[in-house]
Amino acid sequence: MRKTIKISDKEYEMKSSAYTQFKYRDMTGRRMLQDLQDLTKLQDAKDEEMIGGIDDLTEIVLKMAYVMIEEADSSQVKGYDEFLKSIDNLYENTDWINEVIELAVSPISRGI
């Protein structure tokens with residue numbers, strides 16, 4: 001599945017497929033499905049618990065976004081660090097976080 005998602009003031013074409021979770025594991029050494037489960041716990045946490053998890057949530061979602069951007073068209077980014085440097089404001093509009101999560105789970109959630 002493909003989708004254009006705006007992070008800060010820049011739009012990125014992203015693609016999610018069965019390949020995404022394996023590319024994510026190769027890049028991070030972590031399992032995407034486990035991280036998605038952890039994200040659900042962070043999103044359901046109480047406000048005081050959530051504050052401590054914002055860094056974790058942001059890091060996981062940004063890595064998922066980067067993998068899906070590369071999968072869609074690697075010419076959009078010149079590496080993970082450059083991708084991060086291109087983002088001026090992560091939290092001005094946080095709709096992108098849910099959009100990235102929904103796109104990441106789309107290959108595994110169809111028909112469930």
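**Briefing: fold, exposure and salt bridges**

Asp 38 has a relative accessibility of 25%, and it therefore counts as partly exposed. The model that contains it is predicted. The protein has five helices and two strands, and of its 112 residues 35% count as buried.

**Overall layout**

- Read from the N terminus, the order of elements is β-β-α-α-α-α-α; the two strands are E1, residues 2-7, and E2, residues 10-15.
- Helix H1 covers residues 18-28, helix H2 covers residues 32-44, helix H3 covers residues 47-73, and helix H4 covers residues 80-85.
- When contacts between residues at least 6 apart in sequence are considered, 66% of them join residues at least 24 apart.
- The protein has an accessible surface of about 6,800 Å². Carbon and sulfur atoms account for 45% of that surface.

**Asp 38**

- Asp 38 is placed in helix H2.
- Asp 38 and Asp 56 are separated by 18 residues in sequence, and their C-alpha atoms are 9.3 Å apart in space.

**Ser 8**

- Ser 8 is placed in the loop between strand E1 and strand E2.
- The phi angle of Ser 8 is near 60°, which is a positive value in a residue other than glycine. Most residues other than glycine have a negative phi.
- Ser 8 has a relative accessible area of 23%, so it counts as partly exposed.

- The salt-bridge count for the model comes to six. One of them joins the side chains of Arg 2 and Glu 13, with an N to O distance of 3.8 Å.
- Because Arg 2 belongs to strand E1 and Glu 13 to strand E2, this pair ties together parts that are eleven residues apart in sequence.
- Both partners fall in the partly exposed class: Arg 2 has a relative accessibility of 46%, and Glu 13 has one of 26%.

- Glu 70 sits in helix H3 and Lys 23 in helix H1, so the pair ties together parts that are 47 residues apart in sequence.
- Glu 70 is partly exposed at a relative accessible area of 22%, and Lys 23 is partly exposed at 25% relative accessibility.

- Lys 85 and Glu 82 form a salt bridge in which the closest N and O atoms are 3.6 Å apart.
- Both residues lie in helix H4, three residues apart, and that spacing is about one turn of the helix.
- Lys 85 has a relative accessibility of 60%, which is over the 50% cut-off, so it counts as exposed.
- Glu 82 has a relative accessible area of 41% and is partly exposed.

Terms used. Residues numbered from 1 in each chain as written. Predicted model: local features only at pLDDT ≥ 70, side-chain atom pairs only at ≥ 80, totals over all residues. Heavy atoms only, no water. Helix = DSSP H or I, 4+ residues; strand = E, 2+ residues; numbered from the N terminus. Buried < 20%, exposed > 50% of the residue type's maximum accessible area, 1.4 Å probe, protein only. Contact = heavy atoms within 4.5 Å. Areas by Shrake-Rupley, 256 points an atom, 1.4 Å probe, with all protein chains shown as cover. Salt bridge = Lys/Arg side-chain N within 4 Å of Asp/Glu carboxyl O.
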